[in-house]
Amino acid sequence: MSAELLDADAVSRGEALGLLARRIVEGYRVGEHRSPFHGFAIEFAQHREYTTGDDMRHLDWKVLGRSDRYYIKQYEQDTNFVSHLVVDGSSSMNYGSGKITKLHYAKALAACLANLILLQRDAVALALVDTEVKEYLPRTDSLPKIKHIMERLAAFRATGGTRLGTALEQVALQARRRGIVILISDFFDDEEGLNKGLERLTFSGNEVIVFHTLDPYELTFPFKGTWKFKDLEGPTLLKTSPADIRKTYLKNFDEFRARVRKTCEKFRAHYVLADTAKPLADTLSGYLAFRHTLGRK
Amino acid sequence: MSFLYPAMLAGVAAVSVPIIIHLLNKFQVKTTEWGAMKFLMDSVRANEKKVKIEDLILLILRCLLIALAAIAFARPVLKALAGSSASSGNAVAAVLLLDNSASMNQSAGAGTLFDEAKKQAIQWSDEQPPQSLAALSLVSTQTDVLIAKPGSDRGLFRKLLAEAPVSDRGSDLAQGVRLAIETLKPIEDQPREIRIYTDGQAKAWLKSEEIIKLASDNPGIRIIPIIVGDKKSQDNAGIVALRTDGGIAAAGQPLRFHLEVANYGASPLKNVSVSLSVDGGPPAGKQTIAQIPPGTTQATSISVAPLDAGPHTLVATLGPDAFSVDNKRSLAINVIRQMNVLIAEGNHDGPAMDRDGFFLANALVPVSADQLSRYYLAALPLSPAELPGELGNKNNSLTQAVFLCNPGPVSPAIAQALKSYVEGGGNLVIFPGPLVDVAEWKANTTFWEMLPADIWSPLEDAAGAAPLKFQAGNFTHPVTALWNDPAQGSLAAVEFNRSFPLTLRQGIASRTILSLDNGEPAIVERNYGEGHVVLFNSTATPEWNNLPLHPSFLPLIQRLMGNLNRSNEARLTLAPGEAFRMPVDETHKGKDFAVQRPGSDASRTSGQVVQDGTRNLIRYAATDLAGTYKVSIDSEVIAIFGVQMDPAESDLRLVDSAVLAELQDIKATEVTSNQTPRMVVTKEFWTTLIWIVLAFFLLEGVIAHRLSHAR
């Protein structure tokens, strides 16, 4: 399913959003038997001796190499972790050069992830934020409750500015158990907030995944002629000839993306560019495939 | 500053186009909501000034480009008053005459004197102020005008000068000067001069008196001779004549050629070797002239082995010297196998002895019956009525001559057939007789106008009076010159008891071959069309005179035939610039003909067979170079002709310096004109502006590309 085919109306209705997420996730799960999130980033507990039937993937090869003995690695907790889905609801997310906005894309992405996590019987919590946490849906591992998540996601409207640092601090307070925090945002206007938020979240022992959601026009700035740009988060109106400033804009924008990526790397967070021109399934499966490669290491 | 095409300045208004496009772009604004405003604001802040300046530069550049293009097309020029000393320096209106006669082929260092003359003419042009005007002509025996009216286009002047060819023609500077004076006469507000670039050959100044008179009669025009080369008389030897000698050039018979070698040097030439080659082969004959005293010409003959029938080229060659053109001389001949002579007799029937052409036929073919087929002439007696049919026959190209012997009345059909035959290059010899009614001949205008003399009714000698005789001496015609030698016998023994009085016609260049002792013409000739007409005053039988019985009859007829043949052959030898004309068959009508010129390996299409009256003619006039020319139709060679250089060109002695000095002494009067001053263009900016426009165009392209300003 391509991003163009993402129906904005569908994303605005809970039931339709759930259906959309299920279709994407089921498409991904065909022929896949192992959760990409299972056992990852969970604390190591102890070794035990290998017995027939154990999964060879958990064999400690280093011990085998050193002592010629077969040991299986055991983890303190390898099921039922909590994933916090944090969706940016600032006004800048309302931009879309095509039919769907960045917020539509973010909602669909969150819906897919929620569906995927609940299907593997882990818990998921949802935080919709702008300058603060606007809506918070506490953790749940009940699949039937996904309907509720979808409805909240669908009903959410982006209206405010961005103060991601505050919002993420509030999320961190809610995420008392170590888990995975998935951030979906364009990170405009609050790079410092991202820095603080990531620091706080990773300090609490959470693994963070960042989906940097951007529109293709923001990435390539292909406007021709003279344009008036109206700020989505304020009253500013700017008339300019994009051709004149394209080079500088792209340079600044690439630098911004590099800074976000660097911040993510600093806190060992995974950075994923979610280009709304790309099909959602591609963005999702691309990242999940990456996680699988990490799981095998 | 003014403009040649000021209307083009309206194009400057197009400057508004980029401004309008610029403004339209500014006013055509689209609106969008935007999230990444921070980056946009930062970019605008960083670029605002730079973009505005770049925009302005591009706008100015585009406006300038259009404005300059419009101005360039309006052709801006600087003008000044013609002849005003303040602006024009020594500006003149000049006619440059370049001597391109054969003598200009003399080597001068790496090139020829003609190359040197061109160099000096260009040098003069380069040194002239822009207001100077120049016309250009090539002068030899004719004047080829390259630039007719004095102008200021130096590019054209240089181009035409560079392409100007030297010819093998003779020289006559006077006619060139005459033409140049006529060219300069209308110009009265500028000093005028005629510059003659020549090698100073004396022959070119033969009409120096006329040139000096022209200079004196036109004091406002200076005549400046410029002698190129080292201004010293060159020693030179050259072949000045080459022609067939003896009788008709016939197949199977040895051929003899007459050559003349001139020594124009200051010292005698000894053991001068001359060779003759046939059809480009090795020398077929050689002769050594023991000595040629300075300033004299020595003649010699070279015999070559019998040639096949058909056209041949012969080239006589002399040892090399500084002037190579006259060391070779070409000749084209047409060797015949057997030619017919038609003898139309008024009395054609009856015993042979009684026929009007009996004696003539024996004089023309003086061989026994068993040798008739091998002899190059065949006499074919017939009645006059048979002539149209015989001459209309396609084989009439083999007919060397037609003899009319006492023909009686000449019908219009016969007259028309003879006219076509002679116009096409045939020879007609008329012996009148008792059957001739002069009044009837006169009534037939076609026939009458062909005659070289008016013919009157015959007069019978008065009883007891001394008969009329041929002249006794002072023979000037080549046919009869033989009898200037008393050892050859005397023509004065030929007596006439009856003859037709002849009166030479005025204005048609008829000549007397032989006169009577009373001074009246006895045999006369004229050219008619491409052929000849010869008229005798009496019969070809002993009826009215004793000529057919006289020993001189046979040599007279043979020499007459040889002379007629040479006249035909002479048409194959032309002077440079003379047009070659040749009648061709009806089958070639309208076809293209090709000519292979001397020194060329290939033929090039050079013209078309044209109709001239009833005849189809080849006419080719581009004969500037000496040598052999081959004419072909449908790849078949139908004629070869030769062009021989004017022998006078071999004489390289220089003109008397007194002549040149006299010319220099004639001072040109100062220009005192009160006419309205004429403005002349002194400087053009068109080319410079176009280059600037191109540079702006490229600059605009580069800047626009770099800034990605597509609008």
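In which order do the strands of the open sheet in chain B stand, and is the pairing parallel, antiparallel or mixed? Seven strands form the sheet in the order 19-18-20-21-30-29-28, with mixed pairing. The model is predicted: local features need pLDDT of at least 70, side-chain atom pairs count only at pLDDT 80 or more, and totals for chains, interfaces and linings use all residues. Residues are numbered from 1 along each chain as its sequence is written, while chains are lettered from A and ligands numbered from 1 in the order in which they are written.

**View 1**
Two strands count as paired if DSSP finds at least two bridges between them. Strand 19 (377-382) and strand 28 (511-515) of chain B are the edges; each has a single partner strand, so one side of each has no neighbour in the sheet. From one strand to the next the twist averages 15 degrees. Strand 20 (residues 399-405) and strand 21 (residues 427-431) of chain B run parallel and are joined by four bridges, with V402(B) partnered by L428(B) in strand 21. Helix 10 (residues 412-423) of chain B lies across strands 20, 21, 29 (521-528) and 30 (531-536) of chain B, at about 125 degrees to strand 30. Helix 13 (residues 553-570) of chain B touches strands 20, 21 and 30 of chain B, and its direction makes about 155 degrees with that of strand 30. Angles run from 0 to 180 degrees between N-to-C directions, and axes are lines fitted to C-alpha atoms, for helices over the stretch in contact.

**View 2. Surroundings of I336(B).**
I336(B) belongs to the loop between strand 17 (328-335) and strand 18 (339-345) of chain B. I336(B) counts as partly exposed because it has 19 C-beta neighbours inside 10 Å; a residue is buried with 20 or more other C-beta atoms within 10 Å of its own, exposed with 12 or fewer, and partly exposed in between, the C-beta atoms being placed from the backbone. Not counting residues up to four places away in sequence, I336(B) touches I248(B), A249(B), A250(B), A251(B), A309(B) and Y376(B). Contact means that the C-beta atoms of two residues, placed from the backbone, lie within 7 Å. I336(B) and Q400(B) are 64 residues apart in sequence, and their C-alpha atoms are 9.9 Å apart.

**View 3. Two helix pairs in chain B.**
The axes of helix 1 (residues 16-27) and helix 2 (residues 37-73) of chain B come within 8 Å and cross at roughly 150 degrees. This makes helix 1 of chain B roughly antiparallel to helix 2 of chain B; angles under 35 degrees count as roughly parallel, over 145 as roughly antiparallel, 65 to 115 as roughly perpendicular and the rest as oblique. V17(B), P18(B), I19(B) and H22(B) of helix 1 meet L59(B), R62(B), C63(B) and I66(B) of helix 2. Helix 7 (residues 208-217) and helix 14 (residues 657-665) of chain B pack at an angle of about 10 degrees, with their axes 9 Å apart. That makes helix 7 of chain B roughly parallel to helix 14 of chain B. S208(B), I211(B), I212(B) and A215(B) of helix 7 meet V659(B), E662(B) and L663(B) of helix 14.

**View 4. Strand 4 of chain A and its partners.**
Strand 4 (residues 123-129) of chain A has six of its seven residues buried, so it is largely enclosed by the rest of the structure. Strand 3 (residues 82-88) of chain A runs parallel to strand 4 of chain A, with seven bridges, and V87(A) stands opposite L128(A). On the way from strand 3 to strand 4, the chain passes through helix 4 (residues 102-119) of chain A in a right-handed β-α-β crossover; right-handed means that, with the strands pointing away from the viewer, the path from the first strand over the helix to the second runs clockwise. Strand 5 (residues 133-140) of chain A pairs with strand 4 of chain A in the antiparallel sense over five bridges, and three residues lie between the two strands of this hairpin.

**View 5. Where chain A meets chain B.**
In this interface 26 residues of chain A are in contact with 25 residues of chain B. Helix 9 of chain A gives the most to the chain A side, with eight residues. Strand 8 of chain A runs parallel to strand 2 (residues 29-34) of chain B, joined by six bridges; T226(A) has V29(B) as its bridge partner.
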